[in-house]
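The sequence and structure come next.

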Amino acid sequence: MSRRWINLIIIGLSVTVMQMLIGSGLNFYGLFNPKMYPVFLLLLPRNIKPVFAMLIGFFYGALIDLLCNTYGFGIAASVFICFIKPYILQLIYNKSIEEESEISVKVQGENFVLTYLLIGLFLFHLFYFFVELGELANIFYILFKTILSALLALILYVIFYMLFCSIPERK
């Protein structure tokens with residue numbers, strides 16, 4: 001197993017623990033409900049076939065649903081984000097898979113990774129809250145909740161990254 005996969009597994013486990021301990025407890029009048037676990041799915045290598053990425057998303061979402069008691073919303077949103085991930089990358093990063101399969105700060109830079117994670121987290125939260133609420137009547141409430149939750153999830157991930165990644169690894 002390569003070092004990159006070991007790092008991804010560690011990120012996946014630590015983000016899962018962060019989601020259970022911090023993310024599930026943050027709920028300020030129903031507005032802040034950050035989901036940090038899609039960061040693991042967004043940072044999966046680009047050269048994974050989409051069907052395998054969606055299988056990973058399904059099982060990872062099922063694990064989160066079991067641990068956080070969210071009734072399948074995590075599965076649906078995780079599979080969605082794994083499905084839409086290549087299109088997000090194609091939209092903001094036009095290099096081929098063979099050139100760079102890794103998505104990291106040291107390969108693409110901080111601006112790209114933050115932009116990519118923000119778009120991915122926004123779409124994940126938007127889909128998650130639409131599935132959770134099941135209606136379009138409160139579209140502005142859903143959008144407001146999505147923006148706040150995605151920004152808070154990104155801030156929490158950046159804090160986690162800065163605390164636990166060494167300085168040479170960040171550059």
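## Terms and basis

A crossing is called left-handed if the near helix is turned anticlockwise from the far one by less than a right angle, and right-handed if clockwise. Helices (H or I, at least four residues) and strands (E, at least two) are DSSP runs, numbered from the N terminus.

The model is predicted: local features need pLDDT of at least 70, side-chain atom pairs count only at pLDDT 80 or more, and totals for chains, interfaces and linings use all residues. Residues are numbered from 1 along each chain as its sequence is written, and side-chain values use heavy atoms, with hydrogens and water left out.

## Overall architecture

The protein has eight helices and zero strands, giving the pattern α-α-α-α-α-α-α-α along the sequence. Of its 171 residues, 43% count as buried, where buried means under 20% relative accessible area, exposed over 50%, and partly exposed in between (1.4 Å probe, protein chains only).

A contact is a pair with heavy atoms within 4.5 Å. Among contacts in the protein with a separation of 6 or more, 67% are between residues 24 or more positions apart.

## Packing of α4 and α6

Helix α4 spans residues 73–92 and helix α6 residues 110–133. Their axes come within 9 Å and cross at roughly 145°; axes are lines fitted to C-alpha atoms, for helices over the stretch in contact, with angles running from 0 to 180 degrees between N-to-C directions. The crossing of α4 and α6 is right-handed. By class, the contact has 17 nonpolar, three polar and two charged residues. Here Ala, Val, Leu, Ile, Met, Phe, Trp, Tyr, Cys and Pro count as nonpolar, Asp, Glu, Lys and Arg as charged, and the others, Gly among them, as polar.

On the α4 side the residues include F73, S78, K85 and I92, and on the α6 side they include F112, F124 and E132. S78 counts as buried because its relative accessibility is 0%. Leaving aside neighbours within four places in sequence, S78 is in contact with Y37, L41, G57, G61 and F124.

## E132 and the salt bridge

There is one salt bridge in the count, defined as a side-chain nitrogen of Lys or Arg within 4 Å of a carboxyl oxygen of Asp or Glu. E132 forms a salt bridge with K145, and the closest N and O atoms are 3.9 Å apart. The pair links distant parts of the chain, with E132 in helix α6 and K145 in helix α7 (residues 139–164), 13 residues apart.

E132 has a relative accessibility of 28%, so E132 counts as partly exposed; K145 is buried because its relative accessible area is 7%. Apart from neighbours within four places in sequence, E132 is in contact with F73 and K145. The C-alpha atoms of E132 and G72 are separated by 9.3 Å, although the two are 60 residues apart along the chain.

## The α3–α4 loop

N69 is in the loop between α3 (50–68) and α4, and Y71 is found in this loop too. Phi is near 60° for N69 and near 60° for Y71. Most residues other than glycine have a negative phi. Y71 is exposed, with a relative accessible area of 66%.

## Cysteines

The structure holds zero disulfides, a disulfide being a pair of cysteine sulfur atoms within 2.5 Å. C68 counts as buried at 19% relative accessibility, and C82 is buried at 3%.
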